[in-house]
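Q: Please take me through this model, starting with the surface.
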Amino acid sequence: MKRQIAYFLVVFVGFLALAGHFIHYAPLNDFIDNDATQWFDIIAGFAAFLGVINLLQLHLNKVANKRQNWEYSIFTLFGFILMIIFGFIYNGSGFDMGPHLKKEGSAFYWMFKNIYLPLGASMFALLAFFVASASYRAFKIRNF
């Protein structure tokens, strides 16, 4: 029952936010522009925090117990810490978030453009190949 209530709440708020773009009703637009975006920022902050905790816990446990492919976890942790350093600390002004992340010539921008984007493009290319391969195998089967 708890899961259905959560699903209903998420779907309701999602449709409410979607309706705010098509229905020009001042209180609804005020809710979408002010309150809903603040709620989103709060939820996104908690989700990012939980994601960081999960990443650190999973990969530190994998390295500590030397589970299968634990070497890749070291690489993941190194990349995470490096992005944190260049995103938050190595910008010349302490823990100031902001324009230096998008400024060409900054270390974070260079890493994003030359490491993260090519890796993302490679991942989507592999995904397209696997989807095409699975589709071919699915259409090749003549009966269940």
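A: A patch joins residues with over 30% relative accessible area and no salt bridge, like charges within 9 Å and nonpolar side chains (Val, Leu, Ile, Met, Phe, Trp, Tyr) within 5 Å. The model is predicted, so local features need pLDDT of at least 70 and side-chain atom pairs pLDDT 80 or more, while totals for chains, interfaces and linings use all residues. Residues are numbered from 1 along each chain, and side-chain values use heavy atoms, without hydrogens and water.

Q: Which residues form a nonpolar patch on the surface?
A: Val11, Phe15, Leu18, Phe22, Ile23 and Tyr25 do, with about 680 Å² of accessible area together (Shrake-Rupley, 1.4 Å probe, only the protein chains shown as cover; a salt bridge is a Lys or Arg side-chain nitrogen within 4 Å of an Asp or Glu carboxyl oxygen).

Q: And where is Tyr25?
A: Tyr25 sits in the loop between H1 and H2 (helices are DSSP H or I runs of at least four residues, numbered from the N terminus).

Q: Changing topic, how many aromatic pairs are there?
A: The whole structure has four (ring centres within 6.5 Å; planes under 30 degrees apart are stacked, over 60 edge-to-face, the rest tilted; Trp counts by its six-membered ring). Phe8 and Phe12 make a stacked pair, because their ring centres are 6.1 Å apart and their planes at 20°. These two residues are four apart in helix H1, so about one helical turn separates Phe8 from Phe12.

Q: What is the volume of the largest pocket?
A: About 620 Å³ (an open set of 1 Å grid points for a 1.4 Å probe, with protein on both sides within 12 Å along at least five of seven lines; lining atoms lie within 4 Å of a point; volume is the space filled by probe spheres on points joined across faces, edges and corners). Of its 16 lining residues, Phe75, Gly79, Ile115, Tyr116 and Leu119 are the closest to the centre. Helices H3 (70-89) and H4 (107-140) each give two or more residues to that lining, and H4 has the largest share, eight.

Q: Which classes line the largest pocket?
A: There are 12 nonpolar, four polar and no charged residues (Ala, Val, Leu, Ile, Met, Phe, Trp, Tyr, Cys and Pro are nonpolar, Asp, Glu, Lys and Arg charged, the others polar).

Q: Which helix gives the largest share to the second largest pocket's lining?
A: H2, with six residues.
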